[in-house]
Amino acid sequence: MRLALDSTHDVGLVSWLESANDPSTDFPIQNLPFGRFRRDADDGWRIGVAIGDQILDLERVGLVPNADMHGLMDQQQAEHTALRRALSDGLRHGSDDAARFRNALIAQTAVEMGLPCEIGDYTDFYTSIHHATTVGKLFRPDNPLLPNYKWVPIGYHGRASSIGISGQSFARPIGQTKAPDAAAPSLGPCSRLDYELEVGVFISRPNAPGERIPIEHAEDHVFGIALFNDWSARDFQAWEYQPLGPFLSKNFASTLSPWIVTMDALAPFRKNWTRPEGDPDPLPYLDSVGNRETGSIDIELEVWLQTPAMQKAGVAGERLMRSNYADAYWTVAQMVAHHTVNGCNLRTGDLFGSGTLSGPAADQGGSLLELTLGGKQPIRLSNGETRTWLEDGDTVILRGYCERDGSRRIGLGECRGTVLRARAD
Ligand code: CA
């Protein structure tokens with residue numbers, strides 16, 4: 001399952017670019033994530049690789065023929081690995097190509113980042129059993145986990161058009177809500193606005209309609225991972241979700257981080273996938289030796305909140321929780337195998353959301369819904385403010401990084417979004 005480690009992962013590898021060797025950077029030479037940037041609105045999107053505080057322009061350095069990100073993602077894994085090696089060779093300390101590569105750098109602060117690729121279909125899963133159990137308890141105290149959960153990687157088809165890039169702001173959505181004691185619903189601004197801490201998984205190579213992707217080959221169809229915030233209107237959701245699941249409570253905005261960290265870069269951070277004692281083994285199409293040995297990915301995840309008061313005081317934000325992607329009940333490979341077992345065809349640039357990634361402890365909820373026990377217990381912030389749900393002007397920041405003895409720490413960057421006042425019209 002896991003891609004081979006090679007010299008591009010060496011912990012001692014350093015770049016001629018000093019900012020890439022800063023121990024705190026998310027983008028050392030061992031990471032090399034892909035994104036799209038432009039110098040200004042008149043410029044077209046270009047493919048870049050993050051290195052330290054710079055971006056390497058891949059077309060300019062001659063490593064891609066054009067700005068077609070889908071074309072790059074659609075290549076065979078061996079070509080992805082070869083490109084990674086060429087990037088690593090050119091950026092490493094002592095490289096003969098250093099001057100040519102230096103010439104193709106642009107500061108990250110000098111550009112606008114776009115979505116890393118055109119996103120086709122978007123599917124949101126529900127892979128954290130801790131999230132599913134806590135949320136289930138709020139609605140069904142005696143029966144928190146539905147009987148299909150341990151057998152089916154649950155998901156629903158979402159909407160790609162409203163997925164934006166880190167730095168976005170959006171107006172608080174308007175929708176239908178109904179208080180339990182009200183005779184009829186009413187239309188108005190969401191009063192229970194929430195975030196969801198997720199990772200986004202980008203599909204690289206398609207499968208033909210009718211052709212399933214076996215779990216053993218599932219990751220041959222995955223390009224990499226980014227951070228993903230699936231903003232949620234809990235009051236709309238409670239009123240609309242039965243019988244067909246979430247609709248307008250989820251499709252007004254979602255936010256992605258700009259850099260896709262590749263499966264190659266994540267290779268040192270793979271972990272065995274296990275089931276708690278007593279849980280059923282998955283059906284054979286969702287099980288493989290490779291998935292058990294290295295199917296999980298050890299990514300530390302964090303949610304930060306910056307309120308308008310914090311912003312005014314010059315405070316960057318406060319961390320609300322931490323969890324780890326390796327605690328997910330279902331892996332990336334299982335999501336791909338399940339999504340295609342019926343013959344559904346995936347396409348290059350499709351996006352999977354992992355679902356809210358909560359940890360096992362009560363303070364590891366990946367949403368306010370969990371941290372406030374369904375809105376019953378506000379959280380207290382260190383500056384004395386409290387939050388039950390998001391307020392106008394609040395900025396939510398997701399962060400993620402991989403850290404392991406013997407490997408260089410790599411990060412996913414950040415995924416930042418701000419809630420604005422509801423529109424008056
Ligand atoms: Ca979600």
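**Close-up views of a predicted model**

View 1. Let's start with Gln30, which sits in the segment before β1 (34-38). This is a predicted model, and here Gln30 has a relative accessible area of 4%. Gln30 therefore counts as buried, since the limit is under 20%. Look for Thr8 too: Gln30 and Thr8 are 22 residues apart along the chain, and their C-alpha atoms are separated by 5.9 Å. A polar atom of the Gln30 side chain lies 3.1 Å from the backbone oxygen of Leu13. Leaving aside neighbours within four places in sequence, the contacts of Gln30 include Thr8, His9, Asp10, Arg84, Ala265 and Arg408.

View 2. Which residues supply the protein donors of the calcium ion? They are Asp124 (OD), Glu196 (OE), Glu198 (OE) and Asp230 (OD), and they lie 2.2 to 2.3 Å from the ion. Along the sequence, the spacing of these donor residues is D-x71-E-x1-E-x31-D. Two of them, Asp124 and Glu196, link distant parts of the chain, being 72 residues apart. Asp124 belongs to strand β6 (residues 122-125), while Glu196 is in the loop between β12 (193-194) and β13 (197-203). Asp124 and Glu196 are both buried.

View 3. Now find Thr356 in the loop between β22 (351-353) and α9 (368-371). Is Thr356 buried or exposed? Thr356 is buried, because its relative accessibility is 2% and the limit is under 20%. The side chains of Thr356 and Glu196 are joined by a polar contact of 3.4 Å.

View 4. Nonpolar side chains tend to be buried together in soluble globular proteins. In this model, the largest nonpolar core has 63 residues. Those with the most contacts inside this core are Tyr195, Ile225, Leu266, Ile299, Tyr325 and Leu390. Helix α8 (residues 332-340) gives the largest share, five residues. Apart from this core lies another, of 37 residues, among them Leu87, Ile119, Ile163 and Leu256.

**View 5. Ile299 and the residues it touches.** Zoom in on Ile299, one of the residues with the most contacts inside the largest core. Residues up to four places away in sequence are not counted here; beyond them, Ile299 touches several residues, including Ile225, Leu266, Tyr325, Cys402 and Leu412.

View 6. Side chains of opposite charge can pair when their charged atoms come close. How many salt bridges does a search of the whole structure find? It finds 27. One of them joins Arg36 and Glu118, whose closest N and O atoms are 3.6 Å apart. This pair links distant parts of the chain: Arg36 is in strand β1 and Glu118 is in the loop between β5 (112-114) and β6, 82 residues apart. Arg36 is buried at 9% relative accessibility, whereas Glu118 is exposed at 52%. Another salt bridge brings together the side chains of Arg39 and Asp43, at 3.9 Å from N to O. Arg39 is partly exposed at 34% relative accessible area, and Asp43 is partly exposed at 24%. Finally, salt bridges that share partners join Asp194, Glu196, Asp230, Arg234 and Lys250 into one network.

Note on methods
Residues numbered from 1 in each chain as written. Predicted model: local features only at pLDDT ≥ 70, side-chain atom pairs only at ≥ 80, totals over all residues. Heavy atoms only, no water. Donors = N, O, S within 2.8 Å, 3.2 Å for Na, K, Ca; no water. Helix = DSSP H or I, 4+ residues; strand = E, 2+ residues; numbered from the N terminus. Buried < 20%, exposed > 50% of the residue type's maximum accessible area, 1.4 Å probe, protein only. Contact = heavy atoms within 4.5 Å. Polar contact = N/O pair within 3.5 Å; in protein donor to acceptor, adjacent residues only side chain to side chain. Core = buried A, V, L, I, M, F, W, Y, C linked by side-chain atoms within 4.5 Å. Salt bridge = Lys/Arg side-chain N within 4 Å of Asp/Glu carboxyl O.
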